[in-house]
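I opened my notebook to record, entry by entry, what I looked up in this structure. Each entry begins with what I wanted to find and ends with what I read there.

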Amino acid sequence: MDGLKSAIPELAWPSVMTDHSGLMALLRQYDVSQWWTAEQLMEAQFLQLSKLAEHALRTVPFYGRRLRDVGYVSGMNMTPEIWSRLPILTRDDVRDAEEKLRATSYPKTFGETSWANSGGSTGIPVRVLKTGMDGVMWQAAHLRELEWNGIDFSLEIANLRGAASLMKALSQNPGAIEDSGGLILPDWGHPATLLRKTGRMGLLEPTLPLATQAEYLIKRRPGYLIMRPSGLRLILVYFREMGLTLDSLRSVWTMSESVDESLREVCREIFGCPVKSSYSCNETGYIALQCPSGLNYHAVSESVLVEVIDKQGNPSKPGEIGRVLVTPLHNYAMPLLRYQVGDEAEVGPPCSCGRGLPSLTRIVGRLQDYVTLRSGEKKRVHTGHYRISAIRAVREFQLVQTSLETIELRLVVSRALNEEENKVLEEVMKKSFGGYLKWTIVFVESLPRTSAGKLMQFRSEV
Ligand SMILES: [Zn+2]
């Protein structure tokens, strides 16, 4: 049985859906389009971009001039040539021109509008107006993620991503019960429950002591775990230090922060399962999902156009790292054309899995991950350094540029490091900053999180 939910309780098989059948139909289209060639996907995207550009031209003050300046006039098909001439939309643009970016009207069928706030982890908080249609696209991408992860919907999920407001709201859920410091809900919630019967979902705050988190996981024995990479690393190290085991997990799903190879390795060692990661942001929704058969990411081409460009603005080639531009294809309330999300990514070659969806080898991190030198020159910081995180006693670390001449490596450790481990740290810092910054290594009790609960691997106080 495929576990599909029938909308009519008197019918069990086949499942008849009177509700949310549109979402199901969308998913079935995704099943097909993921195997299209890159050219076919591009053609379909430009068909949609023509509609979006026409809408922007007519209803969005910010774009009237911008589109005409690059040679786009009403009734025209949008082409890759015209598109590539369109100026990049920065976070500053979105913050400063919020009103002018709003459409004066949009089709009623797109549903109600609501604001999506960015976490502000880049230092430039922005908010974007979306419609119900963006929500549907988010749901479809999320369901693709679940399908790609090959999940069993009947199992219990432990959600430790941390959202105090969500927990508060859900505690009012009549089906919610409290257990081991967390909240157990009768199902996974939307969008999974729109289409399927699911197992339970437990919610636990990742700010609780590690002992409480471990106890909770061991007691609940979830099939899946959702949490940020930095929180996952802490709990894995705790399990190892205490000699604890957990063999119920099929996979761990992470978001928000980048996942490095050492984290994947520790997860396989301690929990015996893989890490599945996705790439999204509040302003645009899902951007890319981890390939079901690899560690690379595939752009969700059905809902976003993802471009990676070099310093000159040309498309980056496979193996090259460039700036990520995202265009949500269905945001008609506040169109974002070529929006620079603030991350960099490495372009991948066509994926061996056979999907035509563009491939990103890795999301490198925030554009802000640069140290500034007294000369004004900026140098990229390689965070998530494999050699640092491979030291077993290192629970977490953060690089902080404290002045134009100095940088600190701050570490939370579970025991004092030995001579050899200290030497590794010295070597890493020398290789990364030798010759242009003075570095110090500082051991701290804990590292601060952003208001969204995210651990930044690099911060600049300059
Ligand atoms: Zn693939």
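In which helix does Ser230 lie? I found Ser230 in helix H11 (residues 229-242), where helices (H or I, at least four residues) and strands (E, at least two) are DSSP runs numbered from the N terminus. Before going on I noted that this is a predicted model, in which local features need pLDDT of at least 70 and side-chain atom pairs count only at pLDDT 80 or more, while totals for chains, interfaces and linings use all residues. I also noted that residues are numbered from 1 along each chain as its sequence is written, and that side-chain values use heavy atoms, with hydrogens and water left out.

Leaving aside neighbours within four places in sequence, I listed Glu257, Glu396, Arg449 and Leu455 as the residues in contact with Ser230, contact meaning heavy atoms within 4.5 Å. I then turned to Asp92, which has its place in helix H5 and counts as partly exposed at 32% relative accessibility. From Asp92 to Val126 I read 8.2 Å, C-alpha to C-alpha, although they are 34 residues apart in sequence.

**Entry on the whole protein**

I wrote down 14 helices and 21 strands for the secondary structure of the protein, and I noted that 52% of the 462 residues are buried. Among contacts between residues at least 6 apart in sequence, 63% join residues at least 24 apart.

**Entry on the nonpolar cores**

I looked next for nonpolar cores, each a set of buried Ala, Val, Leu, Ile, Met, Phe, Trp, Tyr and Cys residues joined through side-chain atoms within 4.5 Å. The largest one has 56 residues, of which Tyr63, Leu67, Met78 and Val94 touch the most other members. Helix H2 (residues 38-59) gives the largest share of this core, seven residues. Why does this core lie between domain 2 and domain 3? I found that domain 2 (34-137 + 281-366) and domain 3 (138-280) both give residues to it, with domain bounds that come from an automatic or database domain assignment. Apart from this core lies another, of 27 residues, including Ala214 and Ile235.

**Entry on helix H3**

I listed Phe62, Tyr63, Gly64, Arg66 and Leu67 as the buried residues of helix H3 (residues 61-69), and their cover includes H2, helix H5 (91-96) and helix H6 (98-101). Not counting residues up to four places away in sequence, Tyr63 touches Ala56, Leu89, Leu101, Pro335, Leu336 and Leu337. Just after H3, I noted a positive phi of about 95° at Gly71.

**Entry on two helix pairs**

For helix axes I used lines fitted to C-alpha atoms over the stretch in contact, with angles from 0 to 180 degrees between N-to-C directions. The axes of helix H10 (residues 210-220) and H11 come within 10 Å and cross at roughly 80°, and H10 and H11 are therefore roughly perpendicular to each other. Helix H1 (residues 21-33) and helix H7 (residues 132-148) pack at about 55°, with axes 10 Å apart, which makes H1 oblique to H7. I kept the cut-offs beside both pairs: under 35 degrees is roughly parallel, over 145 roughly antiparallel, 65 to 115 roughly perpendicular, and the rest oblique.

How values were computed
Buried < 20%, exposed > 50% of the residue type's maximum accessible area, 1.4 Å probe, protein only.
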